[in-house]
Amino acid sequence: MRILIVGGVAGGASAAARARRLNADAEIVILEKGTNISFANCGLPYHLGGEIANREKLIIASPDLFWNRFRIEVRTEHEVVSIDRASKCVSILDHRSGDLVGLTYDRLILSTGSQPLAPPQCQPLPANAFHLWTLNDMDRIMASIVKHNPKSAVVIGGGFVGLEVVEQLHRRKMNVTLIERNPQVLQQLDRLFAKIVENHLESKGVQLALGVQIKNLIKREDRVTAIELEDGNTIPTDLLIVGAGVRPRIALAEQAGLQIGINGGVVVNEFMQSSDPSIYAVGDIAELKHGVTGELTRIPLAGPANRGGRIAGEHAALQHASPMGAILGTAIVRVFDLTAACTGLNETTLNAKGIPFRSAIIEAGSHASYFPASQSMQLKLLYSPSDGKILGAQSVGGEGVDKRIDIIATAMHFGGTVRQLAQVDLAYAPPYGSAKDPIHMAAFVACNDLDRSPRLVEPTASLTGKQIVDVRTERERQQIPLPNAIAIEIDHLADRWTELDPELPTVVVCHSGKRAHIGACFLLRKGFQQVMNLTGGMSIRSLMSL
Ligand code: FAD
């Protein structure tokens, strides 16, 4: 049996190695149009700033290793240009010799990845403008930096890769501007959480141009010298990195007549088989089931690519495999001293899909506050108002954000509710967490909301017509004022609650929502009719003055 694999990086390399481990006799060939296989594309940004100093560390496995260890043949600079399904044969262009050769397959695994995009105004890319998608791209950027010593840089695209590049160029002491056509960075986050990241970028001296389109590149000879924006601003630059999204490379799959889904990817079953059972599609080109909506989706991330490759390799080798699980789009990025992470759906997507939801926001420490070096994080849970099923989560903060989002992703994988999350038995000692972990605290708040004990109010909600009780200290109120509120510090509420009208809908407010919860519970027990807690408190609401 011959298994051909097209594309030798995340999904392709995983598929090849798995197939070999399960089948010692199959002939396995990787066809890769580039010069490298199995490199760490996720590590590329970190070499730019010198954080991963040794380039060779980014090459996980060489063609020689694949041959010596696995007896897998790797042909680099070999591009598959067409598939003939009737004769089960692919045509391959050998870029070194220029020859076009045919090779038959019994099983064919496509892992052709994505194509980076550039706004039309940037095309063709000037000599000092680059994508960062392959090792060769990275080498070209490094060579340009060494040769021209740029003092300033513009990064187009405020997604995960764009932000990583911003940080790394800043490490190189460049004056960096980030341009994003949407009004916020990281579209996966809700607006206020993205705002925390934006504030942090600005605190590091990164200039942000958000919600603005590129009008034109100003060039001298073949190099860009400035970027003209639609809002009239012009940003001078010595270097331009374009990280404006990606498109799945499905030309081969289309030419072969495989079924293409509504998200522009190849439709596959749980074993990663396309509409032709002899052809598998994995990684960025595959459409997979979403764990919240159950709909097909396409999320270009390394985790699903590697797991999908493993399943395709297993199925190609054995004709059976454990099925691919649903995906949640769990993702994480470091932005200087902050980490931002998310899983499941955000408010924008839930609204667009008409899925009812509620949300709870907490601020918590990475570990017990009395143990040194605890770092703060904001954590948001989105859940179903009917059964408390977790629909999504986001977190931005210091240490420990990764752990919390991964725990919630695990709970979501198993269809968990906020009530179940509140009972998860987590490891605890002061250097690592809290006996009531941020996970539990967020789940407790969500459960209280579902039980109306008290109900939560969205940070962006209008408070007009409500009796607003501000239980913060005077100093806090001066720092972030809240107009039209009745100020009664939490420790005075037991003495002064009679000043309030128990018939009015009442919102209790503090810095993070914690003291407001105590105040709201007190008023509820005193017979107030409708008491609510402003979720996330003023620390989040104050971000609204965007
Ligand atoms: P790839 O790994 O891109 O491999 C596709 C390969 O197919 C390419 O080498 C290409 O040359 C080859 N190919 C294409 N067409 C042909 C053809 N016709 N014939 C032969 N070969 C062909 N994801 C995360 O989850 N976390 C991260 O931190 C993260 N960081 C990233 C940083 C960067 C700079 C980049 C570029 C990506 C990052 N990603 C990250 C995304 C992740 O790397 C991709 O989702 C993943 O690599 C997709 O795997 P794949 O196998 O589908 O495609």
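Where is the place of Pro124? I looked this up first, and Pro124 turned out to be in the loop between β8 (114–116) and β9 (129–130), where helices (H or I, at least four residues) and strands (E, at least two) are DSSP runs numbered from the N terminus.

**Before going on**

I am working with a predicted model, in which local features need pLDDT of at least 70 and side-chain atom pairs count only at pLDDT 80 or more, while totals for chains, interfaces and linings use all residues. I number residues from 1 along each chain as its sequence is written, and side-chain values use heavy atoms, with hydrogens and water left out.

**Entry: cis peptide bonds**

I returned to Pro124 and found that a cis peptide bond joins Gln123 to Pro124, with omega about -10 degrees. I also noted that the peptide bond from Ser453 to Pro454 is cis, with omega near -5 degrees, and that Pro454 lies in the loop between α12 (438–450) and β27 (455–457).

**Entry: positive phi**

In the loop between α12 and β27 I also found Arg452, which has a positive phi of about 55 degrees although it is not a glycine. Arg452 is exposed, with a relative accessible area of 55%; for this word I keep the rule that buried means under 20% relative accessible area, exposed over 50%, and partly exposed in between, with a 1.4 Å probe and protein chains only. Glu221, in the loop between β13 (214–220) and β14 (223–229), has a positive phi as well, near 50 degrees, and Glu221 is exposed at 77%.

**Entry: the surroundings of the ligand**

A polar side-chain atom of Asp284 lies 2.8 Å from an oxygen atom of the ligand. From Ala10, a backbone N or O atom is 3.1 Å from a ligand oxygen, and from Asn41, an N or O atom of the side chain is 3.2 Å from one. Taken alone, the ligand exposes 1,000 Å², of which the protein buries 90%, with areas from the Shrake-Rupley method, a 1.4 Å probe, and for residues only the protein chains shown as cover.

**Entry: a polar contact inside the protein**

I found Ser539 in helix α16 (residues 537–541), where Ser539 counts as buried at 13% relative accessibility. A polar atom of the Ser539 side chain lies 3.1 Å from the backbone oxygen of Gly536.

**Entry: aromatic rings**

I searched the whole structure and found three aromatic pairs. Rings of Phe, Tyr and Trp (its six-membered ring) pair if their centres lie within 6.5 Å, and planes under 30 degrees apart count as stacked, over 60 as edge-to-face and the rest as tilted. Phe66 and Phe70 form a tilted pair, 5.6 Å centre to centre with 45 degrees between the planes. These two are four residues apart in helix α3 (residues 63–70), so about one helical turn separates Phe66 from Phe70. Phe66 is buried at 3%, and Phe70 is buried at 17%. I also noted one aromatic cluster formed by Trp497, Phe522 and Phe528.

Cys510 is in no disulfide, with the nearest cysteine sulfur, that of Cys521, 12 Å away. Cys510 is buried at 1% relative accessibility, whereas Cys42 is partly exposed at 48%.

Technical notes: A disulfide is a pair of cysteine sulfur atoms within 2.5 Å. A polar contact is a pair of N or O atoms within 3.5 Å; within protein, one must be able to donate a hydrogen and the other to accept it, and residues adjacent in sequence count only if both atoms are side-chain atoms.
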